[in-house]
Amino acid sequence: MATIALVRAAGSLAARPLYEAIPRRHTNRYGYVRERPIPTDAIDAVKAAAEDPQLRLFLYDEGSARRRFDDAAVRATEEIVADKQMIEDSHAWFRDGRGELARERSGLALDTAGLAPWLLAVAKMLPALPAEQSHGQWLTATRETHLPTAPLVGFIAVRDRYDRPQALVTGRTWQRMHLVATTLGIAMHPINQPVEMIDRDRQLGREPKSEARLAAVTEMPDWKPTFAFRAGYPTREAPRSARRALAEVAAKV
Ligand SMILES: Cc1cc2nc3c(=O)[nH]c(=O)nc-3n(C[C@H](O)[C@H](O)[C@H](O)COP(=O)(O)O)c2cc1C
């Protein structure tokens, strides 16, 4: 356990571009514009945010490695959808209705699921879908929208994905990359199903199929992908996700 004292920084934080992007950074689960590649200088800015000797960033736009990435993500999503325990456990993060969302201020909700406006309006009027159905829609979206519309996909990889400091560096790096992308009008979305399946295979002592599929993408088996994502110019603005107020998560001393 630790006690951390915060002090006010000199100068204006609001003038710093990444600070200013914090309230605007949101996961965007809509389709992106595949025909509009991310310019090299924007990719370089995202790469610069990921410069850390403990990790390696892998990016793919077109070609055979990209096809293998998409295939690994779709296959992992199929495996999750076929795994009753996994979908029940992830369904627990789905906030059903305004009351639950207001109470939890976290997790997944219809508004941020990337549904077309007409479907969102219909979905809000109907009772919540059971886990099997909502996950079936997620598989369809992954296969037909999330991957095919994304001009760029990638992984953050580390030497040991179960080492806590390396996991923290990954999380910090992802947030910084996503903030940089936000300042450039680029949307991002974690697609971490292949990494979740690596954990699941390991947990059940099964053949490490998802690990092998990702190693075939990177061709560098010593670097362990731990966070997979897609990026691109969005077709719609990402809605705001639920967040907790600072006062709810930080105690004043
Ligand atoms: C480690 C990690 C893995 C995640 N994996 C996924 C994922 O596979 N699919 C997804 O839609 N969102 C994923 N997310 C995004 C979170 O669901 C999202 O950040 C959260 O709902 C808060 O929304 P915001 O990014 O708009 O603030 C992941 C986030 C983290 C930190």
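Before anything else, I noted how elements are named: helices (H or I, at least four residues) and strands (E, at least two) are DSSP runs, numbered from the N terminus. I was working with a predicted model, where local features need pLDDT of at least 70 and side-chain atom pairs count only at pLDDT 80 or more, while totals for chains, interfaces and linings use all residues. Residues are numbered from 1 along each chain as its sequence is written, and side-chain values use heavy atoms, with hydrogens and water left out.

**Entry: two positive phi values**

I looked up glutamate 219 and found it in the loop between helix H10 (209-218) and S4. Its phi is positive, about 55 degrees, although glutamate 219 is not a glycine. Most residues other than glycine have a negative phi. I call a residue buried under 20% relative accessible area, exposed over 50% and partly exposed in between (1.4 Å probe, protein chains only). Glutamate 219 counts as exposed because its relative accessibility is 59%.

Arginine 105 also went on my list, with a positive phi near 50 degrees. I placed arginine 105 in the loop between helix H5 (97-104) and helix H6 (117-125). At 30% relative accessibility, arginine 105 is partly exposed.

**Entry: the sheet**

I counted strands as paired if DSSP finds at least two bridges between them. Four strands make an open, antiparallel sheet in the order S1-S2-S4-S3. At its edges I found strand S1 (55-60) and strand S3 (187-190), each pairing on one side only. From one strand to the next, the twist averages 25 degrees.

Between S2 (residues 152-158) and S4 (residues 224-232) I found seven bridges. Leucine 152 has alanine 231 in S4 as its bridge partner.

**Entry: asparagine 192**

Asparagine 192 sits in the loop between S3 and helix H9 (193-203). Why did I log asparagine 192 as buried? Because its relative accessibility is 18%. The side chain of asparagine 192 reaches the backbone nitrogen of alanine 228 at 2.8 Å.

**Entry: the ligand**

I then listed the residues around the ligand, 13 in number, with Arg25, Thr27, Arg29, Asn192 and Ser241 the closest; a residue is near if one of its heavy atoms lies within 4 Å.

For oxygen atoms of the ligand, I wrote down a polar side-chain atom of serine 241 at 2.8 Å and one of histidine 189 at 2.9 Å.

Notes. Polar contact = N/O pair within 3.5 Å; in protein donor to acceptor, adjacent residues only side chain to side chain. Axes fitted to C-alpha atoms, helices over the stretch in contact; angles between N-to-C directions.
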